[in-house]
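Please take a moment to look over the sequence and the fold before reading on. The paragraphs after them walk through a few places in turn.

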Amino acid sequence: MQTKKTFLLKLSIACLLCLVLFFGSFGFAGAEEQAAGHEESGNGISNPLQCDSVQECIGNFIQTLLGVVGSLALVMFIYGGFMWMLSGGNEQRIKKGKDILVWSTLGLLIIFTSYAILTFVFKAFVGAK
């Protein structure tokens with residue numbers, strides 16, 4: 001059975017994650033973006049995806065997905081640090097906190113590497129036009 005302190009810690013982390021994902025999902029683009037070059041099509045409807053090609057749409061989706069996954073890895077990194085700090089000398093919780101930190105670091109490394117590779121590949125495809 002979970003203690004009240006553990007439950008409140010997990011609940012606060014979950015709420016913080018939800019707030020970050022909710023407010024991070026908004027794009028703060030206004031009318032100046034439409035005036036800067038995103039023109040409406042012939043039927044008066046503007047492009048809601050804000051991309052001109054399929055490659056650009058896929059690239060935007062993957063970039064957004066990597067950002068969300070990177071945020072989750074960062075939250076897990078912080079959670080592992082809190083678990084280690086609040087372990088109170090309990091060896092199991094210290095080991096669990098260290099494991100979370102190690103795997104979160106590895107996850108961030110993989111995310112950054114995949115972002116660099118995808119950026120290189122998409123620039124190569126866009127530059128080949």
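What follows moves from a nonpolar core to a loop, then to a salt bridge and finally to a pocket.

This is a predicted model, in which local features need pLDDT of at least 70 and side-chain atom pairs count only at pLDDT 80 or more, while totals for chains, interfaces and linings use all residues. Residues are numbered from 1 along each chain as its sequence is written, and side-chain values use heavy atoms, with hydrogens and water left out.

In soluble globular proteins, nonpolar side chains tend to be buried together. Here the largest nonpolar core has 5 residues, namely Ile13, Val75, Tyr79, Met83 and Ile100; such a core is a set of buried Ala, Val, Leu, Ile, Met, Phe, Trp, Tyr and Cys residues joined through side-chain atoms within 4.5 Å. The most to this core comes from α3, with 3 residues, where helices are DSSP runs (H or I, at least four residues) numbered from the N terminus. Apart from its neighbours within four places in sequence, Ile100 is in contact (heavy atoms within 4.5 Å) with Met76, Tyr79, Gly80 and Met83.

The loop between α3 and α4 holds Leu86 and also Ser87. Ser87 counts as buried because its relative accessibility is 9%, whereas Leu86, at 44%, counts as partly exposed; buried means under 20% relative accessible area, exposed over 50%, and partly exposed in between, with a 1.4 Å probe and protein chains only. Setting aside neighbours within four places in sequence, Ser87 is in contact with Arg93 and Ile94, and Leu86 with Leu9 and Arg93.

Side chains of opposite charge can pair when their charged atoms come close. A search of the whole structure finds 1 salt bridge, a term for a side-chain nitrogen of Lys or Arg within 4 Å of a carboxyl oxygen of Asp or Glu. Lys95 forms a salt bridge with Asp99, and their closest N and O atoms are 3.0 Å apart. Because Lys95 and Asp99 are 4 residues apart in helix α4, about one helical turn separates them. Lys95 is exposed, with a relative accessible area of 52%, while Asp99 is partly exposed at 32%.

Which elements give two or more residues to the lining of the largest pocket? The lining includes Gly59, Ile62, Tyr115 and Phe122, and the elements in question are α3 (54–85) and α4 (91–127). A pocket is an open set of points on a 1 Å grid over the protein atoms alone, where a 1.4 Å probe fits, with protein on both sides within 12 Å along at least five of seven lines, and lining residues have an atom within 4 Å of a point.
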